[in-house]
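How are two copies of a chain related?

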Protein chains: 2
Amino acid sequence: MQRLPGVGPKTAQRLALHILKRPETEVEALAQALIEAKKKIGLCKVCFHLSSEPVCEICRNNTRDNTTLCVVADSRDVIALEKTREFKGKYHVLGGVISPIDGVGPEQLTIQSLVRRVSKDQPQEVILAISPSVEGETTTLYIGQLLRPFTKVTRIAFGLPVGGDLEYADEVTLARALEGRRELD
Amino acid sequence: MQRLPGVGPKTAQRLALHILKRPETEVEALAQALIEAKKKIGLCKVCFHLSSEPVCEICRNNTRDNTTLCVVADSRDVIALEKTREFKGKYHVLGGVISPIDGVGPEQLTIQSLVRRVSKDQPQEVILAISPSVEGETTTLYIGQLLRPFTKVTRIAFGLPVGGDLEYADEVTLARALEGRRELD
């Protein structure tokens, strides 16, 4: 249990003791559900988002905009962006970010498929929505260079979070917010 | 003591007891320092930033760029922006944001002086660096409308804080980050 993310020794013990207290049928149902989920859920062969079908729901949805493609690091990011209901285009999940320290190079990610997909489908815009960490920046710049020959490449804005206070923003964020200023419309 | 910001009953008691324990001379020195600070520190008559002189150090500094003016709500924001070392122009401190609930209208702020200053000095750009709260947005739009006849008006960027993770960003921030996306350069 301790190997699960965010579970330390104490939580692991609590979970284990809780499971031991439940009736056997319930524990079997949980075990079965885990096995089935692992069996059924794979990656969409178009965008690499988690999916129980060969092609995921978002890729199959014909009412979505085919001309904008949003590139994210992880399936979690797709879920976060879907919650905003702002983006109506399609996604491409990289499966991580370039991180030489962790042995993750461009080959370990779905970058090759992305380039193939963009050169074939010719979207009007590719939005890079990758977190602004050092690895995220590297990945953004790397993919930007690869895709620029095919299409317009944009990246999401960095600056003050909404509801945030200037005073509490760190200096780098504040500098980015100043640098990224735009004309009032 | 309880009236100080961030000081609750317990901290107030701790502070009071600490002061009672100190030698009399020390307490007198603190009291004197408070009175003097209150007497000496006023507002700069040009930008309304805190200053011990009639005109503050930033306004007097001739090496600073006179063509960009950054409008902030509070003196704290000037200090925060100065720490980034990114901005080399001058400031204008509003003294708050428009908030009808708290009885703060445009007349209670230094907006009139700002309009006069902009129409006289004709800066090339006015940057509105006001926190993205409801009141902050109102203030930004209000000032934007007043100043647009005189000069270019921009606002700082809103989006993902640097080092932040897409997954942990709230939906409104994520939507703003998407909306404010810019072409990769």
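Predicted model: local features only at pLDDT ≥ 70, side-chain atom pairs only at ≥ 80, totals over all residues.

Residues are numbered from 1 along each chain as its sequence is written, chains are lettered from A and ligands numbered from 1 in the order in which they are written, and side-chain values use heavy atoms, with hydrogens and water left out.

Two copies of a chain are related by a rotation about an axis and a shift along it. The same surface serves both of them, since 100% of the contact residues of chain B recur in chain A, contact meaning heavy atoms within 4.5 Å.

The contact takes 49 residues from chain B and 49 residues from chain A. About 4700 Å² is buried between the chains, 65% of it given by carbon and sulfur atoms; buried area is the accessible area (1.4 Å probe) that two parts lose on being put together, summed over both. Val162(B), Leu166(B) and Leu184(B) supply 16% of the area that chain B buries against chain A, more than any other three residues.

Four salt bridges are found across the interface, a salt bridge being a side-chain nitrogen of Lys or Arg within 4 Å of a carboxyl oxygen of Asp or Glu. Arg181(A) forms one with Glu125(B), and the closest N and O atoms are 2.5 Å apart.

The chains also meet through strands, which are DSSP runs of E with at least two residues, numbered from the N terminus, and which pair if DSSP finds at least two bridges between them. Strand β6 (residues 152–155) of chain A is joined to β7(B) by two bridges, and the two run antiparallel; Arg155(A) stands opposite Arg182(B) in β7(B). An open sheet of five strands has the order β7(A)-β6(B)-β5(B)-β3(B)-β4(B), with mixed pairing. At its edges stand β7 (182–183) of chain A and β4 (90–93) of chain B, each with a single partner strand, so one side of each is left without a neighbour in the sheet.

How values were computed. Helix = DSSP H or I, 4+ residues; strand = E, 2+ residues; numbered from the N terminus.
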